[in-house]
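Biologist: Please take me through this chain, one question at a time.

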Amino acid sequence: MTRPPGLSVRLKLTLSYAGFLMIAGVLLLAAVWMFLLRDRPTGDVGVLSFSNFLRAFNPRNFGPAVFGPAAVMVLVFLLVFGLVGGWILAGRMLKPLTRITDATRVAAHGSLSHRIRLRGREDEFRELADAFDAMLERLEAHVVEQQRFAANASHELRTPLAISQALLDVARQDPDSDPGELVERLHTVNARAIELTEALLLLSRTDQRSFRREPVDLSLIAEEATETLLPFAEEHGVTLETVGDVTPADGSPALLLQLTTNLVHNAIVHNLPEHGSVRIETAVRAGFVMLTVENTGEKLSPQLVWTLTEPFQRGTERVRGAHAGVGLGLAIVRSITRAHDGILSLAPLPGGGLRVTVQLPSPR
């Protein structure tokens, strides 16, 4: 953005300092005249001549005869002192701002690792510098996360494409192969690629917070997700239990349903081979509402649980069936929770399994 040139802030501050100093000097001289010399005849006041300026330097000369020249010299001194002193003082005061500006230019060229680290006592400039450093730190972490996510997404998307290419190459080299089997395998690979793409689009949407908030009831959303996944749970031999009273919240019903569905789906898939269970609970607490999903399963280490919300992490890699997912389930849950200003926490259960808790702010 191009703008016409203007006065620098340092020059404006210098002129301001000098101007205020001149005003203070004029007021002081006016007070001296009003209270000390106003009773003297006007003719006694010295004229602004060279000889009177010289007389003003003689300490034996005082009174109205040298007041005018002395006043002019005092104002000239204040003007010079205000300009020089103001220029130096403004430079010292604006020095932190120069460092902040330089850091901004460095960051604008893509170097997010640069930090200002402004020393000194707390003031407005230090507060601005600390806020800028914190912003750069968050941006750097976000960029690193996005780069890692893009690399993982590219790898995950390349896999079904490579499988499809391999299947087509085999079919082209073997004209007698069964086309029905080829179509079925291509359909499975294509469905997985579509599922992954939709998950990536959903993750991008929640990161941008491009949705409209409205009143929702988490207990109804939990019941809807449970009813939808009930046949899937019966197929895996897992029982579902939903408890909780009315749990009002503000947010996107579609995204919160996706969040709950992902949690319940993961709890069903990562469960005991038989006689597993999943418990979904909603509750209202002081200042927030809670959605908790617990499931039975194998014991998990805290180190493993800490990585489960990272994109394309599939726990212990123990699931490799048709419902293995794309590794974005809990990443989407974390993104939706963050977009709703909530807190996501995961904790392994002592007897095996996982407890996932989503805390959302209570509606105002």
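**Burial and salt bridges**

Biologist: What percentage of the 364 residues in the chain is buried?

Modeller: Buried means under 20% relative accessible area, exposed means over 50%, and partly exposed lies in between (1.4 Å probe, protein chains only). The model is predicted, so local features need pLDDT of at least 70 and side-chain atom pairs count only at pLDDT 80 or more, while totals for chains, interfaces and linings use all residues. Residues are numbered from 1 along each chain as its sequence is written, and side-chain values use heavy atoms, with hydrogens and water left out. Of the 364 residues, the buried share is 34%.

Biologist: How many helices and strands are there in the chain?

Modeller: Both are DSSP runs numbered from the N terminus: helices are H or I with at least four residues, strands E with at least two. The chain contains 9 helices and 7 strands.

Biologist: How many salt bridges are there?

Modeller: A salt bridge requires a side-chain nitrogen of Lys or Arg within 4 Å of a carboxyl oxygen of Asp or Glu. The count by this rule is 9.

Biologist: With which residue does R115 form a salt bridge?

Modeller: The closest N and O atoms of R115 and its partner E140 are 2.7 Å apart. The pair links distant parts of the chain, 25 residues apart, with R115 in the loop between α3 and α4 (124-173) and its partner in helix α4. R115 has a relative accessible area of 14% and is therefore buried. The partner, partly exposed at 26% relative accessibility, is E140.

Biologist: Is R212 buried or exposed?

Modeller: R212 forms a salt bridge with E214, where the closest N and O atoms are 3.6 Å apart. E214 has 30% relative accessibility and so counts as partly exposed. R212 has 63% relative accessibility and therefore counts as exposed.

Biologist: In which strands do R279 and E241 lie?

Modeller: The side chains of R279 and E241 meet in a salt bridge with an N to O distance of 3.9 Å. This pair ties together parts that are 38 residues apart in sequence, because R279 belongs to strand β4 (residues 276-285) and E241 to strand β2 (residues 238-243). R279, at 32% relative accessible area, is partly exposed, and E241 counts as partly exposed at 40%. The strands are thus β4 for R279 and β2 for E241.

Biologist: Which residue is linked with E241 and R279 in a network of salt bridges?

Modeller: R279 and E241 form a salt bridge. The network that links E241 and R279 also contains E281.
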